[in-house]
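Here is a short report on one structure. Please keep the sequence and the 3D view open as you read.

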Number of protein chains: 2
Amino acid sequence: MMQEELNLVLAELRRSLENNNLAQAKAIIEALHPPDQADLVAGLTTPDQVALLTHLEPSDSADVLEEMEDDEAAAVAEMIPAAQLADILDEMEDDEAADVLGDLPADKAAEALREMEEPTDVIPLLRYPDDTAGGLMTQAVVTLRPHWTVGQALAELRRVGPRADSTYYLFVTSDAGMLLGVIGLRNLVTAPAKTPIAELMATDVISVPVTVDQEECARALSRHGYLALPVVDEVGHFLGVITADDLIEVTEIEATEDMYRMVGITGEERAFGPIRISILKRLPWLLVNVVTLLIAITVIDAFEPVIAGMVALAIFMPLVSGQGGNAGNQTATVIVRGIALGEIGLRDVLRTLNKELRVALVNGTVIGLGAAAVAYVWKDDWRISVAMCLAMILNFMTAASAGVLIPLSLKKMNIDPALASSVFVTSFTDTFGFLFFLGIASLLL
Amino acid sequence: MMQEELNLVLAELRRSLENNNLAQAKAIIEALHPPDQADLVAGLTTPDQVALLTHLEPSDSADVLEEMEDDEAAAVAEMIPAAQLADILDEMEDDEAADVLGDLPADKAAEALREMEEPTDVIPLLRYPDDTAGGLMTQAVVTLRPHWTVGQALAELRRVGPRADSTYYLFVTSDAGMLLGVIGLRNLVTAPAKTPIAELMATDVISVPVTVDQEECARALSRHGYLALPVVDEVGHFLGVITADDLIEVTEIEATEDMYRMVGITGEERAFGPIRISILKRLPWLLVNVVTLLIAITVIDAFEPVIAGMVALAIFMPLVSGQGGNAGNQTATVIVRGIALGEIGLRDVLRTLNKELRVALVNGTVIGLGAAAVAYVWKDDWRISVAMCLAMILNFMTAASAGVLIPLSLKKMNIDPALASSVFVTSFTDTFGFLFFLGIASLLL
């Protein structure tokens with residue numbers, strides 16, 4: 001649904017709720033797809049959200065909560081009476097229900113769990129962090145036994161009548177619950193009824209450990225072109241399934257996080273979220289940047305007499321530092337992204353450094369010669385031009401080193417390599433850019 | 001497979017090929033999963049790749065080519081004799097075969113198409129660009145008719161024996177090929193055999209037009225939590241299906257592209273790709289950045305007499321421009337990412353500008369006061385401190401405006417909003433930062 005349409009429907013929904021016409025509000029919601037429903041509900045005040053979600057069928061409320069952002073879903077779930085919340089949670093996919101329960105205050109979560117009809121699927125999931133394989137998987141899947149026939153397997157499927165998409169891959173487990181193999185539902189459907197499952201299943205199953213990071217799950221799944229990925233414990237017991245649609249969202253969220261972190265925005269921030277949040281998420285790294293800039297300008301301060309002797313130097317300083325910052329950010333972006341996609345690891349320090357230094361030497365020389373020529377035409381002083389060219393090349397090498405070593409050092413310390421990389425890299429290129437340019441110039445003067 | 005293991009196997013594979021022991025090389029490859037096979041083959045020289053791929057079973061070579069990067073696959077495909085290439089293409093998924101054919105020289109592609117057994121599935125796909133719904137979809141799917149029964153549908157599935165994952169959602173079409181509805185294979189399997197398809201199918205199908213960008217496909221699919229997405233033409237004829245696993249890769253590639261473009265790296269660049277490519281992809285925007293920096297430093301040049309009168313001004317200039325650049329990049333990142341995720345559109349200019357200006361006012365004031373205090377302690381001159389504080393606030397407002405308006409203007413002109421946003425934003429914050437600081441200082445002096 002287009003944004004404009006949504007806005008119109010939202011206005012109508014708000015009017016219905018203002019007039020306490022819950023039946024009309026319910027009818028408006030029921031006519032939409034769940035993602036549109038969630039967008040609408042997100043636009044309401046919390047009391048209106050609670051009124052609406054307690055009035056809808058629990059299965060519809062479940063759809064809406066599943067589609068809402070985690071923190072929004074938890075905020076409204078907290079206001080819904082425990083008995084009604086339990087009915088809704090019973091209708092949700094177990095991984096989504098676990099996310100909501102995990103974000104609730106402990107006593108409210110315990111109360112809701114007590115009221116739930118089927119808490120057993122959800123409880124084990126509460127152990128796993130949201131951003132790991134365990135937090136993403138669903139346990140509501142049908143598993144097969146190797147000694148069954150295709151006919152028995154189909155009968156079991158009909159008996160259970162699974163509603164989840166995760167049943168398109170059927171996983172075969174031993175009596176002890178070990179993951180033995182996988183069969184696509186399409187193979188099951190097209191095989192003769194008497195074929196033993198053991199004969200039909202593929203045994204070289206790609207699986208992920210339950211504790212693995214969500215980014216790695218997305219990588220494994222897209223690498224192999226599967227639609228679902230089985231999750232196992234440390235000895236190989238089958239625990240659940242992650243489906244591809246969840247991992248598209250994971251990929252988007254992880255990329256957003258990296259992009260934000262690189263420029264010094266901590267955590268999530270929505271384009272139209274509260275201003276207070278935006279200020280608090282951005283200010284800390286701006287303050288860090290003040291400190292790094294202060295270090296850089298003490299270099300200029302040290303050369304004050306040189307600048308006093310030739311003010312033209314002050315004019316060209318930003319050219320050296322600005323270019324170095326840009327080149328350093330190019331390198332840091334390639335490295336941070338390469339680490340995130342699993343292409344670059346700690347073993348590759350020397351290899352990447354070697355490559356980036358060579359790129360920097362060429363680009364620094366080209367830019368350095370160009371800038372020197374411009375400076376010469378402008379100020380007609382060969383000393384500024386020579387200082388400019390040499391400082392540019394040296395600062396490009398600094399940029400390459402900082403762009404490679406800062407993200408990889410953060411990774412080595414188990415800190416996100418993207419974290420404020422841009423702030424740190426430019427602090428190096430500013431400081432050394434000023435040092436090289438003013439230092440060489442003072443030697444020549 | 002871990003990188004270390006892959007390296008060992010690669011060495012073994014190379015030895016086999018050196019000794020012309022193709023049977024051994026074939027055995028090494030056949031023991032692996034396709035993604036690992038592709039990684040190994042990518043590590044060989046082109047002649048070795050050709051020798052190996054012409055010696056493997058066509059279905060194995062097809063798996064390898066499907067997993068390789070598009071340009072690498074095309075480079076090796078070009079060297080394989082047309083008859084053998086056609087055998088391999090026949091075994092590939094039609095969207096992947098179309099990608100390879102699209103990247104081949106026209107005469108080689110035509111020759112291969114002539115030799116193919118089933119070129120009819122592939123030919124229509126050649127019309128669509130790689131990065132649209134049409135370029136991602138497969139046409140090799142089973143469609144159902146509304147008047148069939150569940151039993152007939154299952155019989156048809158058994159008759160066709162589809163090998164692709166895209167058959168987990170079965171799309172229902174009219175005799176004229178219009179998309180009418182969808183049934184999950186699991187619903188088909190668990191329904192009584194006599195149920196009419198028309199009764200079982202969901203009719204509110206989410207579909208995408210064939211010309212739509214791949215990013216939008218990923219968004220539609222993850223928003224609705226589906227594993228496959230039907231593609232239709234402008235009047236609603238069913239054309240094919242996109243599966244979720246392809247869209248995870250799309251999401252990764254689009255995010256990488258945006259991150260690269262923001263810092264002025266054009267097109268794709270691999271961490272360990274050729275140095276020449278890295279230089280050429282990064283240099284153009286560095287040159288543009290030279291020009292934008294030259295504009296910024298003409299401002300300093302205009303204030304040369306002011307700086308000559310008070311060299312301390314030269315010391316504090318980078319603090320104003322550097323902070324403005326950082327704040328501007330924070331805003332630009334939020335806007336570029338918001339546009340990419342479909343959260344911000346052209347209609348939101350005023351709303352985003354309003355929000356970002358308010359964030360800038362607060363952060364600019366905090367940073368401005370802090371910087372002014374530091375400057376006062378350091379240089380004991382209230383004029384520098386006042387100029388610093390006012391210039392900082394004004395430059396934060398400039399940063400917010402540039403960060404919002406540059407990406408949205410690019411979008412308005414149908415240019416990628418990420419394109420060198422960082423370079424453009426900092427050119428504004430540099431220029432105006434110098435202008436505000438030196439201008440206010442010269443008024444006070």
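Ile29(A) is buried, because 24 other C-beta atoms lie within 10 Å. (A residue is buried with 20 or more other C-beta atoms within 10 Å of its own, exposed with 12 or fewer, and partly exposed in between; C-beta atoms are placed from the backbone.) The model is predicted: local features need pLDDT of at least 70, side-chain atom pairs count only at pLDDT 80 or more, and totals for chains, interfaces and linings use all residues. Residues are numbered from 1 along each chain as its sequence is written, while chains are lettered from A and ligands numbered from 1 in the order in which they are written.

Ile29(A) sits in helix α2 (residues 22–30) of chain A. Helices are DSSP runs of H or I with at least four residues, numbered from the N terminus. Leaving out residues up to four places away in sequence, Ile29(A) touches Gln37(A), Leu40(A), Leu52(A), Leu56(A) and Asp60(A). Contact means C-beta atoms, placed from the backbone, within 7 Å.

## Where the chains meet

On chain A, 94 residues are in contact with 94 residues of chain B. Helix α18 (residues 312–340) of chain A gives the largest share of the chain A side, 16 residues.

## How the copies are related

A rotation of 180° with 0.0 Å of shift along its axis superposes chain A on chain B, with RMSD 0.3 Å. That is the relation of a two-fold axis.

Which residue of chain A comes closest to the rotation axis? Ile248(A) does, at 2.5 Å (C-alpha). The same surface serves both copies: 99% of the contact residues of chain A recur in chain B.

Definitions and conventions
Helix = DSSP H or I, 4+ residues; strand = E, 2+ residues; numbered from the N terminus. Contact = placed C-beta atoms within 7 Å. Least-squares fit on C-alpha atoms with pLDDT ≥ 70 in both.
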